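Work through the two exercises below with the sequence and the 3D structure open. Each task is followed by its solution in steps.

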Amino acid sequence: MNDSSRRIVVGISGASGVIYGLEMLRALRRLGYESHVVISAAARRNFTLETNVSLQEVESLADHVHAETDLAAPIASGSFLTAGMAVIPCTIKSLSAIANSYNENLLIRAADVTLKERRTLVLVVRETPLHKGHLQLMLAAASLGAVILPPVPAFYHFPATIDDIIRQTVGKVLDCFRIPHSLFRRWEGPRE
């Protein structure tokens, strides 16, 4: 696929909630978008702790899998065109590195490239409760152009399962990229 507007980078960091990254890859695959994924070492461990999904299955959902240590990967360069990147979930450590341009690995470098090229960067920060330092990091990242999108569930669509809640968050991320989807029922006013 050569259409960069249909190319999304997905970073899956080691926060609890790697299922969000998995569902993001599933959605991009179903919708026909090219995905490039970087899965941190901690996220790889969390897949075994939190899901029954193998890393092989996760990686098979992506068009391109990049090692966290590969700073020569295409997504490390601004000349490699994409529609943007989602870090889903995003640890506070990754948030801190992104907010401070501390490009220690490919996930952070790809996020930094996304910001410097003025592309959409969505950070699904997965932490609670938050202290002042966390909030300051979110503000710093937002001031650089990132969208801060914690996985806060909505209930107007009457979620019946955990999957419904996960899909609603992933749908909100897709909305940031203007990607049409039907992952959840949108609010259209009160039911009569």
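A pocket is an open set of points on a 1 Å grid over the protein atoms alone, where a 1.4 Å probe fits, with protein on both sides within 12 Å along at least five of seven lines. Its volume is the space filled by probe spheres set on the points, which are joined across faces, edges and corners.

The model is predicted: local features need pLDDT of at least 70, side-chain atom pairs count only at pLDDT 80 or more, and totals for chains, interfaces and linings use all residues. Residues are numbered from 1 along each chain as its sequence is written, and side-chain values use heavy atoms, with hydrogens and water left out.

**Exercise 1.** Describe the largest pocket and its lining.

Step 1. The space in the largest pocket is about 170 Å³.

Step 2. Its lining (residues with an atom within 4 Å of a point) has 13 residues, and Ser40, Glu68, Lys93, Ser94 and Asn105 lie nearest the centre.

Step 3. Helices are DSSP runs of H or I with at least four residues, numbered from the N terminus. The largest share of the lining, 3 residues, is from α4.

**Exercise 2.** How are helices α1 and α7 placed relative to each other?

Step 1. The axes (lines fitted to C-alpha atoms over the stretch in contact, with angles from 0 to 180 degrees between N-to-C directions) of α1 (residues 18–31) and α7 (residues 162–176) come within 9 Å and cross at roughly 60 degrees.

Step 2. Angles under 35 degrees count as roughly parallel, over 145 as roughly antiparallel, 65 to 115 as roughly perpendicular and the rest as oblique; α1 and α7 are therefore oblique.

Methods
Helices (H or I, at least four residues) and strands (E, at least two) are DSSP runs, numbered from the N terminus.
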